[in-house]
Amino acid sequence: MNDIVKYTFELLEGGIGQVSTKKFNILIAFFTFALFVAMSPVANASTKFADVPSNHEAFDEINYLQSLGIIQGYSEKGQQVFKLYNHVTRGQ
């Protein structure tokens, strides 16, 4: 990991011409992997809403929208909650 940081600073300071092809390829591979991990629904779906029971008719849809980052819910007492019966406002 320290090499990745070092290569990144070399790239930022000197441009592509100052970084060897091997170092550049390592950086591309690392950032591509990081992008895929960050974008994967599995990585983003780790938090389920505590107040949405698994037998609720919209359970899958709510969790799918959360995994895409479209909805975030609320944080209450250390848990993520959806607040099923709150109305959506124009501002939201």
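Reader: Looking at Glu76, what does this residue count as by its relative accessibility?

Author: Glu76 counts as partly exposed, at 35% relative accessibility. The scale is simple: under 20% relative accessible area is buried, over 50% is exposed, and partly exposed is in between (1.4 Å probe, protein chains only). Before we go on, this is a predicted model, where local features need pLDDT of at least 70 and side-chain atom pairs need 80 or more, while totals for chains, interfaces and linings use all residues. Numbering starts from 1 along each chain as its sequence is written, and side-chain values use heavy atoms, without hydrogens or water.

Reader: Which residue does the side chain of Glu76 meet in a salt bridge?

Author: A salt bridge here is a side-chain nitrogen of Lys or Arg within 4 Å of a carboxyl oxygen of Asp or Glu. For Glu76 the partner is Lys83, with 2.8 Å from N to O.

Reader: What else can I say about Lys83, and where is its place?

Author: Lys83 is in the segment after S2, and it is partly exposed, with a relative accessible area of 27%. Its backbone deserves a look too: phi is positive, about 60°, although Lys83 is not a glycine.

Reader: And what ring does the charged end of Lys83 sit over?

Author: For a charge to sit over a ring, NZ of Lys or CZ of Arg must be within 6 Å of the ring centre and within 35 degrees of the ring normal. Here the ring belongs to Tyr74, and the charged end of Lys83 is 4.5 Å from its centre.

Reader: You keep naming elements. How many helices and strands does the protein have?

Author: Helices (H or I, at least four residues) and strands (E, at least two) are DSSP runs, numbered from the N terminus. This protein has 4 helices and 2 strands, and from the N terminus on they run α-α-α-α-β-β. Of its 92 residues, 14% count as buried.

Reader: How many aromatic pairs are there?

Author: Rings of Phe, Tyr and Trp (its six-membered ring) pair if their centres lie within 6.5 Å; planes under 30 degrees apart are stacked, over 60 edge-to-face, and the rest tilted. That gives 1 aromatic pair. The planes of Phe49 and Phe82 meet at 50°, with ring centres 5.4 Å apart, so this pair is tilted. The two residues are 33 apart and link distant parts of the chain: Phe49 is in the loop between helix H3 (41–44) and helix H4 (59–67), and Phe82 is in the segment after strand S2 (79–81). Phe49 is buried at 4% relative accessible area, but Phe82 is partly exposed at 22%.

Reader: One last spot. Where does Ser20 lie?

Author: Ser20 lies in the loop between helix H1 (2–14) and helix H2 (21–39), partly exposed with a relative accessible area of 35%. From its C-alpha atom to that of Glu10, 10 residues apart along the chain, the separation is 9.8 Å.
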